[in-house]
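Here is a short report on a structure with more than one part. Please look through the sequence and the 3D view, then read on.

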Amino acid sequence: MAFLEINNVSKSFSKNTFAVQDFDLRVDKGELVSFLGPSGCGKTTTLRMVAGFETPSTGKITVNGEDITFRPPNQRDVGMVFQAYALFPNMTVGDNIGFGLKIAKKPPEQIKKRVDEMLDLIHMPGYADRYPYQLSGGQQQRVALARALALSPQVLLLDEPLSALDAKIRVSLRAEIRAIQHKLGITAIYVTHDQEEALSISDRVVVMNNARIEQVGPPFEIYNFPKTEFVAQFVGTLNAFSAEVVDPARQTLRLEGQFLQTQEDLSKRRAGERVMIAIRPERFSFATDGKKDNLFNCTIESITFLGSIVRIQVSFGRVTLNMDTFNNPHLELPKIGDKTQITCSSEAVLILEQGDGQIKPL
Amino acid sequence: MKKKSSFFVWLILIIGMIYFFLPLYATFDFSLRMVKDRLSFEAYRVVFSDPLFYINFGYSLIWSVMTIILSLLLVVPTVYWMHLRLPHWRPTIEFLTLFPFVVPAVVLTFGLIRLYAPFKLLGNPLLLISTYVVLSLPFMFRSVDAGLRAIDVRTLTEAAQSLGAGWPTILLRVIFPNLRVSLLNAIFLTFAITIGEFTVASLLAWESFGVYIRYMGAMRAYEPAALAFIAFGITWGIMGLIQFFGRGTPGQQAQLAGSR
């Protein structure tokens, strides 16, 4: 039995409109799972049901075998970190961190000891007597994390904890959150709309759209083998096209008159059927001599320098696609309007299923 | 051009000051002329040595304090709950609190007399206090509402809940301390309204400071002027207290800003 189980949970606020539908997930002890999706996809509502701020319309939530579905939030043993920090402005950092312990009626010496421990954990020793307004956003969020962890909760919930911070702090703090979570071995759920954040911090990612789970898997799998068009589009940048199946047995497709090979199973498709295919920009490269498969004759449309990578947009027929290449000082870039040949391996050509989300008609 | 506009600003200001201070000065000057051909505080001495003054003022103090307590108990939890769970009720509640601006106190009191006379409740001080609570609603509601708007009520409540706090703890340790300034505002405004209230107290036949001023006004010449000035001083003193406490402890505003 998994440590945290969310069994077929649905939440509807009114008839026929679901905020969350058939959410089913098992989280192991010490695992960090992130919920990723656009705003309004139900990820925060799911988190709030685990926290106890919302009750599921149907389904069951258990922690360590105990059913907590209808237990009030103050009896759940769940720590929560909010996007808006939510530190108590009238209390010092020390009082904020010790708030939960004080309510649990722990003796003062013990509270003080635990507060000092937590301050060490977030690398902010000596800040106990400061007030929240005297801290930067990043420091406030670290204090909020310490406050949530002070009671040693069974599950840590983080609701877009880095969204209010600027980019540099976001990256360093997410590494810190991950390190602390690892060190304590605490089970955590991390809600975010930032795909890079989800991929970098999680053991597993749950991609959600329109109240439903689209795909669950480790970051590597989510990125490299997206199952649905939505996941492919939402996670990373992607070239997606509608292509025609030419020969299911030999896994051949046709895109704008040019043939391409895939390694995906096409045995259930018929010749002439249209399927959605996806290729990541970094899987393309300029064709070198002797290459025969998956060659595209195309025209350079634009070149964008993005620092570590260079994104080149090319077109052929009605198709425009992006290809990424690593930057290096000796890179010889083509010019706009040049004719060129690009290629990708057959395993880079993914066939996308239609998810439950919004699908563009083919 | 600039000089001209600043001249008019000063002119308007001076006219305003005259409009405001001249009657006040006249009242004060008149209150000092009880003894013929000499300025003296005789009228004040008479007022302060009148036992009725203390009795009536004492009553008004009691009404004020009771009103403040009842009003706080009614308004703070209501507005808190409105912020937390019933935001769509705001227009309704706000409209209800405007009641005393729409219905004059006289009309309100006559309504109360007609309604409660059959139940023999007219002699019950609770009726007077409840009426005062209604009169203070617009000020109470607005102060508390503004205070709750300044803090992120919902997230703070949820943060406290997830740390194991129940409702009493949340209200007493988290919400009230962060509302300190706006609660003080509400308290002082309610005090200022009720301490000199005349209409309701008079119609319900209760002793109060307002009733006493009115009584003296009908009987004497100089003492009412002195009383008016005293009443004015009390109100001003309260306003001064609002200003003083309203500033809060250093950094209070920054604290509130930091919580957002």
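Chain A holds an open sheet of 6 strands, in the order 6-7-8-3-9-10, with mixed pairing. Strands here are DSSP runs of E with at least two residues, helices are runs of H or I with at least four, and both are numbered from the N terminus. Two strands pair if DSSP finds at least two bridges between them. The edge strands are strand 6 and strand 10 (212-217) of chain A, and each pairs on one side only. Neighbouring strands of this sheet are turned by 20 degrees against each other on average, direction ignored.

This is a predicted model: local features need pLDDT of at least 70, side-chain atom pairs count only at pLDDT 80 or more, and totals for chains, interfaces and linings use all residues. Residues are numbered from 1 along each chain as its sequence is written, while chains are lettered from A and ligands numbered from 1 in the order in which they are written.

**The sheet and its helices**

Strand 9 (residues 204-209) of chain A runs antiparallel to strand 10 of chain A, and 5 bridges join them. Val207(A) has Gln215(A) in strand 10 of chain A as its bridge partner.

Helix 1 (residues 43-51) of chain A lies across strand 3 (32-36), strand 6, strand 7 (155-159), strand 8 (187-192) and strand 9 of chain A. Helix 1 of chain A runs at about 145 degrees to strand 7 of chain A. Angles run from 0 to 180 degrees between N-to-C directions, and axes are lines fitted to C-alpha atoms, for helices over the stretch in contact. Helix 4 (residues 137-149) of chain A also packs on the sheet, touching strand 6 and strand 7 of chain A. The direction of helix 4 makes about 170 degrees with that of strand 6 of chain A.

**The two chains in numbers**

A residue is buried if 20 or more other C-beta atoms lie within 10 Å of its own, exposed if 12 or fewer, and partly exposed in between, with C-beta atoms placed from the backbone.

| Property | Chain A | Chain B |
|---|---|---|
| Helices and strands | 8 helices, 20 strands | 14 helices, 0 strands |
| C-alpha box, roughly | 75 × 50 × 30 Å | 75 × 70 × 30 Å |
| Buried residues | 40% of 362 residues | 34% of 260 residues |

**Where the chains meet**

Two residues are in contact if their C-beta atoms, placed from the backbone, lie within 7 Å. By this rule, 22 residues of chain A are in contact with 24 residues of chain B. On the side of chain A, strand 6 (78-81) and helix 2 (93-103) are the elements that give two or more residues. That side divides into 18 nonpolar, 4 polar and no charged residues. Ala, Val, Leu, Ile, Met, Phe, Trp, Tyr, Cys and Pro count as nonpolar, Asp, Glu, Lys and Arg as charged, and the others, Gly among them, as polar.

**Inside chain B**

Helix 6 (residues 105-116) and helix 7 (residues 125-150) of chain B pack at an angle of about 145 degrees, with their axes 12 Å apart. In helix 6 of chain B, Ala105(B), Leu108(B), Thr109(B), Leu112(B) and Tyr116(B) meet Leu127(B), Thr131(B) and Leu135(B) of helix 7 of chain B. The residues of this contact divide into 6 nonpolar, 2 polar and no charged.

Ile55(B) sits in helix 3 (residues 51-84) of chain B. Is Ile55(B) buried or exposed? Ile55(B) is exposed, because 12 other C-beta atoms lie within 10 Å. The C-alpha atoms of Ile55(B) and Glu207(B) are separated by 8.2 Å, though the two residues are 152 residues apart along the chain.
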